[in-house]
Amino acid sequence: MNPSSEIALHHYVQGEIGKPFKFGVNDCPLFVAGAIDAMYGTSLRDEYTGKWNTQKSAWKFARKNGDISEQLKSKGCVNVELTHIQTGDIIVMEQRLAHEKYWRSVAVCLGSTVAIVRDDIGVDIVNINQVPNLTEVLRWQ
């Protein structure tokens, strides 16, 4: 990643910290899409905005089109070994929901920390060691 992309990522994240979680407005896929847009000049966030507005409609979108991890791979992201993670990489976490379905969520690596959207407080920065159920790392190509 070049220095201007890294600076753009940090500016984007700083502007998002504390924004409350809301499906279809400020959730993990839209946050990560915005981060990719900031780093690489894409328009992924615009592509996904308006596609869901509740957990149920997000689940429906994912069932029909693939979850966020699959979507990002179809757009050009590739898997990276965890030992090679770097700033700007996408962290993929697997969660088990109350109805026994698996759900993958995403966050953005900032080095030793991760920018993550939490449903209780919105965008937050956590230590990479605090990321739950990390299953894969993706890098935009």
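Is Leu-9 buried or exposed? Leu-9 turns out to be buried, at a relative accessible area of 0%, where buried stands for under 20%, exposed for over 50% and partly exposed for whatever falls in between (1.4 Å probe, protein chains only). The model discussed here is predicted, so local features need pLDDT of at least 70 and side-chain atom pairs count only at pLDDT 80 or more, while totals for chains, interfaces and linings use all residues. Residues are numbered from 1 along each chain as its sequence is written, and side-chain values use heavy atoms, with hydrogens and water left out.

Leu-9 sits in helix α1, which covers residues 3–16; helices (H or I, at least four residues) and strands (E, at least two) are DSSP runs numbered from the N terminus. Leaving out residues up to four places away in sequence, Leu-9 touches Ala-35, Met-39, Thr-87, Gly-88, Val-108, Cys-109 and Leu-110, a contact being heavy atoms within 4.5 Å. Glu-94 is another matter: it lies 85 residues along the chain from Leu-9, with 24 Å between the two C-alpha atoms.

Next comes the pairing of α1 with α2. Two packed helices are described by the angle between their axes and the distance between the axes. For α1 and α2, the axes come within 8 Å and cross at roughly 145°; axes here are lines fitted to C-alpha atoms, for helices over the stretch in contact, with angles running from 0 to 180 degrees between N-to-C directions. The crossing of α1 past α2 is right-handed, meaning that the near helix is turned clockwise from the far one by less than a right angle, with anticlockwise giving left-handed.

Beyond four places in sequence, Asp-37 touches Thr-42, Ser-43, Leu-44 and Arg-45.

The largest pocket has a volume of about 720 Å³. Pockets were found on a 1 Å grid over the protein atoms alone, as open sets of points with protein on both sides within 12 Å along at least five of seven lines, whereas a cavity is a set where a 1.4 Å probe fits but cannot get out; lining residues have an atom within 4 Å of a point. Points are joined across faces, edges and corners, and the volume is the space filled by probe spheres set on them. The lining runs to 34 residues, with Cys-28, Gln-95, Trp-103, Arg-104 and Ser-105 nearest the centre. Its largest share, six residues, comes from α4, and elements supplying at least two residues each include α2 (28–40), α5 (68–74) and β3 (102–109). By class, the lining holds 20 nonpolar, six polar and eight charged residues.

Lys-73, in α5, is partly exposed at 34% relative accessible area. Outside four places in sequence, Lys-73 contacts Asn-79, Glu-136 and Leu-138, and its C-alpha is 8.6 Å from that of Trp-140, 67 residues away along the chain. Arg-139, in strand β6, has contacts beyond four places that include Gly-76, His-84, Gln-86 and Asp-89. Finally, Asn-133, in the loop between β5 (122–127) and β6 (134–139), has a positive phi of about 50° although it is not a glycine.

Notes:
Nonpolar A, V, L, I, M, F, W, Y, C, P; charged D, E, K, R; others polar.
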